[in-house]
Amino acid sequence: MRETARGWTAVWLVVLALIQTAAFGLVWRFAVHTELGQWLDTVALTGNRIGQDRIDGPVDTILNAMSVVSLLAATAVIGFIALIRGRKALAVTATLLIAGANVTTQLLKYYLVRPDFGIDPERAAAGNSLPSGHTAVAASVAIALILVLPRKLRVAGAFLGAGYAAAAGVATLSAGWHRPSDAVAAYLVVGAWAAAAGLVLLFFQREQAVVEPGDAHRVAGAVLGGIGVVALLASAVALSWLVDRSTIPVESLGRRPLFIGYAGSAAGIVGTIAVVAALVLVVVHRLVPRWKG
């Protein structure tokens with residue numbers, strides 16, 4: 001019975017990894033290699049100027065908090081939490097999740113090519129910016145935190161971590177550092193790595209591991225996932241409204257469509273990380289179960 005449950009969990013994780021990898025491919029293909037995708041991203045980036053002076057302070061604070069030093073410090077803390085719980089395999093796996101997601105993000109950003117359709121000449125020379133490195137840092141730490149926290153703190157950690165990762169993704173857009181598709185792609189990279197990390201944890205799971213149904217965070221996962229789905233639907237409605245205006249040059253758009261592009265894209269960023277975090281939260285009790293004795 002136990003082996004059957006582990007087998008189905010492994011299948012679920014493989015499916016999640018494949019879905020998120022495929023979703024990354026679709027986001028990259030649409031946002032980078034189609035004129036409509038580039039136009040939508042550029043509308044959101046242009047719309048970020050609306051009210052920007054009011055949020056510059058918080059945005060700078062969030063982005064400046066993410067650096068190589070802070071990433072190393074956060075990774076050390078996450079590894080320490082796992083070690084004081086006596087979970088050596090978890091400490092190593094969480095560290096590999098963070099390192100793998102961020103290295104993958106940087107490699108993809110370096111090797112992927114962004115064609116110039118003449119839609120965003122201001123940033124054409126910068127080349128490809130997908131996925132977002134800052135967003136990957138925040139998201140990878142948030143997801144690793146869900147894995148290492150004890151069950152009594154997981155829900156709070158999931159909501160706080162997802163909130164911080166969402167704020168980081170929106171902040172990169174608000175600061176004009178990244179397009180919205182860059183943040184969404186970063187979340188999907190982290191989500192795929194989280195599924196892979198789950199498979200590793202299953203493989204090294206001890207014989208005395210006991211999966212308690214009462215440890216499942218179904219309600220919290222449903223709430224977090226529901227928030228994500230609602231945000232994604234709101235984003236889809238906003239971006240669909242913009243599609244009918246895609247023949248208009250971005251510089252000729254009025255304040256309303258620019259704001260809708262920015263707000264709709266921000267909702268898509270929030271929705272993506274909420275769903276990714278929820279998927280981890282609902283399965284973590286099977287990946288890091290209790291021990292007998």
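Which element gives the most to the lining of the largest cavity? The model in which this is asked is a predicted one, where local features need pLDDT of at least 70, side-chain atom pairs count only at pLDDT 80 or more, and totals for chains, interfaces and linings use all residues. Residues are numbered from 1 along each chain as its sequence is written, and side-chain values use heavy atoms, with hydrogens and water left out.

The structure holds two cavities of 30 Å³ or more. A cavity is a set of points, on a 1 Å grid over the protein atoms alone, where a 1.4 Å probe fits but cannot get out, and its lining residues have an atom within 4 Å of a point. Grid points are joined across faces, edges and corners, and a volume is the space filled by probe spheres set on the points.

The largest cavity contains about 90 Å³ of space. Its lining includes Leu13, Leu147, Ala194 and Val283. The elements that give two or more residues to this lining are α1 (2–33), α8 (180–203) and α10 (255–287); helices are DSSP runs of H or I, at least four residues long, numbered from the N terminus. It is α10 that gives the most, with five residues. By class, the lining has 10 nonpolar, two polar and no charged residues, where Ala, Val, Leu, Ile, Met, Phe, Trp, Tyr, Cys and Pro count as nonpolar, Asp, Glu, Lys and Arg as charged, and the others, Gly among them, as polar.

About 40 Å³ of space lies in the second largest cavity. Arg85, Arg151, Asp215 and His285 are among the residues that line this second cavity, and its lining divides into six charged, two nonpolar and one polar.

Definitions and conventions: On a 1 Å grid over the protein atoms alone, a cavity is a set of points where a 1.4 Å probe fits but cannot get out, and a pocket is an open set with protein on both sides within 12 Å along at least five of seven lines; lining residues have an atom within 4 Å of a point.
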